[in-house]
Amino acid sequence: MWAKIGARRMPVATGNCPNCGAPIEFALGSSLAKVCDYCRHTVLRSDRGLENLGKVADLALTPSLIAVGDEGTLGGRPFRVMGRTQLDHGKGPWDEYYVAFEGGQSWGFLAYAQGEWYVTSAAAGALPPFESLAPEQDLSLNGAFFRVAEVKRGTVTSTEGELPGLIRPGLARSYADCYGPNGAFATLDYGDGSSAPTLFAGWVFNEAAMTVTALGPRTAQKIKTATLKCPNCGGDVPKLSGERAERLGCPYCGAISDLAGQRVISAQQAARAAAEIPIGTHGTLEGVSYLCIAYMRRGTSFEGEPYSWDEYLLFSESLGFRWLVKDPEAGWSFVSPVNLAEIDLRGLPGVVSYHGRQFQLRNTNTARVEYVLGEVYWKCELGELTSVSDFARGDDVLSREAGDGEVRWSLATAVPWPVLARAFNLAVGGAGSRFGGYGSSGPKKIPSALALLLVIGLIILVAAAEGMDGNGGGGGGVPVGGVFYGGK
């Protein structure tokens, strides 16, 4: 997708836009194209001078914490945002920012997805064929271990500023995102298949590692940061996570809307009942300050019976996103994302290991999004389905969620309601302290006979797994509720 530009550095170029005559300057020697600030035509520089490649589409109002023209530091290393590319794989656009490091001595890309930041730079290395890749596949990239998390195709929808190559709207892009130990990250970029793929290697980092000085222009919609306007009913909803939300479940009308496209995705009824942890509530857990920004109900079917659980999305400026999950049988748990490259998967499907601890398969189900309120950081949809497998060790649960060409893992640890009540200044004897299974006709307990069958089934599964050297088959049963960390 990206033009190979490492062989030579072109001199800084100035001139006039071939379309409107406005001044054009390429500030970075590695840039080959630039979108004119005045007429939004793409200008390509070559040995023949400046060429007009046509007008690009308007940019979607995607969640963004940086803008073209901003300056900052990443781990103390200075950078400047030079350009932006917007891509879409059918569920809404995402951004990738072209940045110059240390005054133009090197360049790379910044991206924000799944509540985390990613930085990569072009690297040499042979890559496998795109068709051979699959989630959770292990790869050796330049001698380093990586594991594939996402394999997808996208399309360029718009561009802005300077770019390192000829990137036309409508250009197809196939890619695979991979993770390595200790925060390592890599994107395998296959473009449209017309040229050799490119490896971009880097790491995942917390937002606290980056400082940004807002120098680039913001649209009026970005400057107004106090509220989000529901595209369905026009209601003003307090903005809780800054420029991080992808979709909004309106507390007034219930509609789920895409914030970038300002369009309604799903219709649902307005808030049905007060959330046990109200959206907008501040709390402190283990010394970290969190804000509850969303509520979600998810469910599954077990032996033909509906079963649902509640999930609360928390946001911390220092750590990003975390979840609190209320399972009607298991109680409350705190859920954090886990680097899938650090999980030992050799015992699948019955056993996995994480940081020297072995987790046994407890159940496998399909989870469905039933209700959403507040701000979420991925392209959430009502009825969204994911395959969930829970692996338990005592009260801790490793959850694997797979769907739409990607896999995510998370770790849930039990938290007593009194601890959460104190953390969020809620009543210890309030609604959060009450449990009981959720069904289509209201709360109900799992029948004791069914519970006995579950225990017997688990014993059989464990025995089978031991008889197959840790490679036992899948399970059934009721999930405690893992959390799907949706991709781009």
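User: How many aromatic pairs does the count come to?
Analyst: This is a predicted model, where local features need pLDDT of at least 70, side-chain atom pairs count only at pLDDT 80 or more, and totals for chains, interfaces and linings use all residues. Residues are numbered from 1 along each chain as its sequence is written, and side-chain values use heavy atoms, with hydrogens and water left out. Rings of Phe, Tyr and Trp (its six-membered ring) pair if their centres lie within 6.5 Å; planes under 30 degrees apart are stacked, over 60 edge-to-face and the rest tilted. The count is 21 aromatic pairs.

User: Which class does the pair Tyr290 and Phe334 fall into, stacked, tilted or edge-to-face?
Analyst: Tyr290 and Phe334 are both buried (under 20% relative accessible area; exposed is over 50%, partly exposed in between; 1.4 Å probe, protein chains only). Their ring centres are 6.0 Å apart and the planes meet at 65°, so the pair is edge-to-face.

User: Which class does the pair Tyr312 and Trp332 fall into, stacked, tilted or edge-to-face?
Analyst: Tyr312 is buried, as is Trp332. With ring centres 5.7 Å apart and planes at 35°, the pair is therefore tilted.

User: How many residues has the largest nonpolar core?
Analyst: A nonpolar core is a set of buried Ala, Val, Leu, Ile, Met, Phe, Trp, Tyr and Cys residues joined through side-chain atoms within 4.5 Å. Phe79, Leu110, Met296, Leu313 and Val376 have the most contacts inside the largest one, which has 38 residues.
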